[in-house]
Amino acid sequence: MDDYAKLERLLAEDYFVIGRVFHLSKLAPESIANFVSVFSIQLAPEILLDPSNKTKSLVMLRHPSTGQQVEIVTSNERTISRANEQLRYQQEPIGTLIRARCAALGGRTSRQRIFHLNRLVASLDGLWGWKFILGDTVGTFEVVIRLKSTDTGAIEETIDKLQRLLDCLAISQQVGFHIQHRSVAPIPRLAPSVSSGPEEMMLSPVNPEEIGNIEATLSSREASVAARGLSQAYCETSMPSRLSMLWAAAEEVFGGGARPLLNEEEVKYLIGEAKRIESLENDLDRLKRLKEALSSPDRLPLVTRNERMAKAIAPIMSRSVDDVYRKVRTASELRGKHGHQLLENENWENIEDSEKFLQETLLCYLKKQKKS
């Protein structure tokens with residue numbers, strides 16, 4: 001039986017191609033042992049290293065029920081093409097795997113911070129066909145959702161449904177739940193789904209001298225505000241909240257020195273003219289509020305807050321004022337937008353970019369303080 005007929009017979013018997021089609025010429029002698037171990041190769045290493053096989057390719061197949069593995073070493077182009085065609089078929093997405101790590105973060109008072117979810121998670125398991133798994137740390141759980149669709153709209157709708165479920169739990173349990181991390185991965189026809197979890201990080205040690213140096217850097221109020229803003233932003237779990245913390249710090253550090261648009265004489269003249277308006281003539285309260293607005297550098301500044309911040313930030317980051325101004329304006333708009341609305345189906349890329357910009361801004365400022 002030739003290689004092509006053998007491959008077709010194995011596929012008809014429900015074997016599937018594993019890994020990929022390997023060209024033996026690309027296997028270095030020093031990597032053979034690891035290659036054999038990783039893929040549980042049945043062939044002797046000598047066969048793979050045989051110079052007469054260097055022009056050939058290795059096709060590996062495995063039976064899903066028995067686990068039996070078969071390997072074909074071949075130079076037949078038709079066989080290789082058929083194996084690659086089978087791989088494409090196996091890897092074709094037929095659904096979507098959504099995994100979300102959720103956490104109970106707080107209750108109706110700031111003292112409520114530790115929540116045991118054993119009974120709650122057990123009661124949720126199986127809801128809407130979803131899998132709920134108790135987390136490895138107190139107050140967390142994982143949701144596993146298998147969609148029979150790869151449509152982007154269906155995926156977003158499912159994630160929104162999960163968020164609405166957390167909102168329902170917040171009302172039911174009087175506890176705030178948050179999606180700490182989520183991953184979306186295709187479900188191939190005949191291959192495992194691969195999804196990523198939250199990143200892990202090993203923190204480095206510190207010594208008293210390092211702490212002392214940092215503490216000296218934070219001696220000014222502005223530096224202290226920058227550090228506190230970064231710290232509080234790192235603690236937040238939602239991107240709008242992180243952006244709000246960073247913006248508050250950046251505005252306090254870089255947004256000061258506002259001057260009024262009008263001087264006293266100009267304000268006095270305009271109020272005098274306003275008194276000539278019949279509807280305002282005897283309305284002392286509105287006239288007073290108008291005067292306060294005209295005199296306030298926060299409400300009518302000579303230079304806008306965003307412009308002041310851009311001019312202060314640009315030299316610290318070695319960027320043009322125009323470039324920084326665009327970044328500051330975008331961050332300001334996003335902070336205001338998300339600070340006044342609870343938005344769903346929002347693309348988070350822009351807010352993540354603004355968050356990164358403000359982090360870099362505050363870190364650059366602290367680095368400059370350290371040098372000086």
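**Talking through the model**

Tutor: Asp14 counts as exposed because its relative accessibility is 52%, where exposed means over 50%. Bear in mind that this is a predicted model.

Student: What is phi of Asp14 near?
Tutor: Phi of Asp14 is near 80 degrees, which is a positive value in a residue other than glycine. Most residues other than glycine have a negative phi.

Student: OK, what about Ser318: which loop is the place of that residue in?
Tutor: Ser318 belongs to the loop between α13 (305–317) and α14 (321–340). Its phi is positive too, near 55 degrees.

Student: And is Ser318 buried or exposed?
Tutor: Ser318 counts as exposed, because its relative accessibility is 66%.

Student: Let's switch to Thr361. Which helix is that in?
Tutor: Thr361 sits in helix α15, which covers residues 349–371.

Student: Why does Thr361 count as buried?
Tutor: Because its relative accessibility is 0%, and buried means under 20%.

Student: Which residues is Thr361 in contact with, leaving aside neighbours within four places in sequence?
Tutor: Those contacts are Phe254, Ile313 and Met317. Phe254 is also one of the buried residues of α9.

Student: Which others in α9 are buried?
Tutor: Among them are Pro240, Leu243, Trp247 and Val253, and Arg242 is buried as well.

Student: How many residues has helix α9, and what does it reach from end to end?
Tutor: Helix α9 (residues 239–254) has 16 residues, and from its first C-alpha to its last it reaches 22 Å. That is close to the 22 Å expected at 1.5 Å a residue.

Student: Zooming out, how many helices and strands has the protein chain?
Tutor: The protein chain has 15 helices and 8 strands.

Student: What radius of gyration does the protein chain have?
Tutor: The protein chain has 32 Å, whereas a compact globule of 372 residues would have a value near 21 Å. Along its principal axes, the C-alpha trace spans about 105 × 50 × 50 Å.

Student: What share of the residues is buried?
Tutor: Buried residues make up 34% of the 372 in the protein chain. The chain exposes about 23,500 Å², and carbon and sulfur atoms supply 50% of that area.

Student: Last one: how far apart are the mean positions of the positive and negative charges?
Tutor: They are 2 Å apart, for 49 positive and 50 negative charges.

Methods: Residues numbered from 1 in each chain as written. Predicted model: local features only at pLDDT ≥ 70, side-chain atom pairs only at ≥ 80, totals over all residues. Heavy atoms only, no water. Helix = DSSP H or I, 4+ residues; strand = E, 2+ residues; numbered from the N terminus. Rg over C-alpha atoms; globule rule 2.2 N^0.38 Å. Buried < 20%, exposed > 50% of the residue type's maximum accessible area, 1.4 Å probe, protein only. Areas by Shrake-Rupley, 256 points an atom, 1.4 Å probe, with all protein chains shown as cover. Lys, Arg positive; Asp, Glu negative; His and termini not counted. Charge placed at Lys NZ, Arg CZ, Asp CG, Glu CD. Contact = heavy atoms within 4.5 Å. Expected span 1.5 Å × (residues − 1).
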